[in-house]
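Hello,

Here is the structure you will be taking over. Please look through it first, then read my notes below.

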Amino acid sequence: MATAGQQQGQGAKRQPVFTKVDQLKPGTSGHTLVVKVVNSNTVVQKGRAASSHLGHTRVAECLVGDDTASVVFTARNEQVDLLKPGATVILRNAKIDMFKGCMRLAVDKWGRIEVAEPANFGVKEDNNLSMVEYELVNVGEE
């Protein structure tokens with residue numbers, strides 16, 4: 001028989017902790033953010049895929065941000081439709097991918113993108129975290 005503590009833990013959802021864009025660091029994941037979409041540029045648009053069940057692939061790079069900073073978000077397939085310029089979205093379980101030494105925000109199959117009410121903040125575009133190049137440093141055993 002389960003104790004009261006165990007039963008409560010199963011049904012209760014954790015409240016998300018919202019992260020500001022300027023707090024994102026390379027190699028981190030599990031972020032929940034409220035961001036505004038500044039622009040969206042389609043990078044890849046492929047028609048019929050090699051196998052029929054995959055359908056077509058669309059990838060867009062979208063500049064998203066909040067009042068602290070901005071970052072490039074890589075939207076894939078149906079995510080492209082949600083990230084329209086001017087839209088406010090909630091990114092759940094987002095992660096930071098590295099692309100050519102720069103941070104890219106992404107939401108994979110374990111995360112979710114929700115369109116939200118328009119936010120009343122301006123995006124700080126002059127602090128673009130994707131413009132910062134990081135160098136991979138291997139820490140050797142001494």
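Leaving aside its neighbours within four places in sequence, which residues is Val64 in contact with? They are Val35, Lys36, Val37, Ser70, Val71, Phe73, Leu83 and Leu105. Contact means heavy atoms within 4.5 Å.

Some ground rules. This is a predicted model: local features need pLDDT of at least 70, side-chain atom pairs count only at pLDDT 80 or more, and totals for chains, interfaces and linings use all residues. Residues are numbered from 1 along each chain as its sequence is written, and side-chain values use heavy atoms, with hydrogens and water left out.

Now the core. The largest nonpolar core has 24 residues. Such a core is a set of buried Ala, Val, Leu, Ile, Met, Phe, Trp, Tyr and Cys residues joined through side-chain atoms within 4.5 Å. Buried means under 20% relative accessible area, exposed over 50%, partly exposed in between (1.4 Å probe, protein chains only). Leu24, Val64, Phe73, Leu91 and Leu105 touch the most other members. Two or more residues come from each of strand 1 (29–46), strand 2 (57–65), strand 3 (70–76), strand 4 (88–99) and strand 5 (102–106). Strand 4 gives the most, with four residues. Helices (H or I, at least four residues) and strands (E, at least two) are DSSP runs, numbered from the N terminus.

Two backbone points. Asn77 lies in the loop between strand 3 and helix 2 (78–82), and its phi is near 50°, a positive value. Asn93 is in strand 4, with a positive phi near 55°. Most residues other than glycine have a negative phi.

Best wishes
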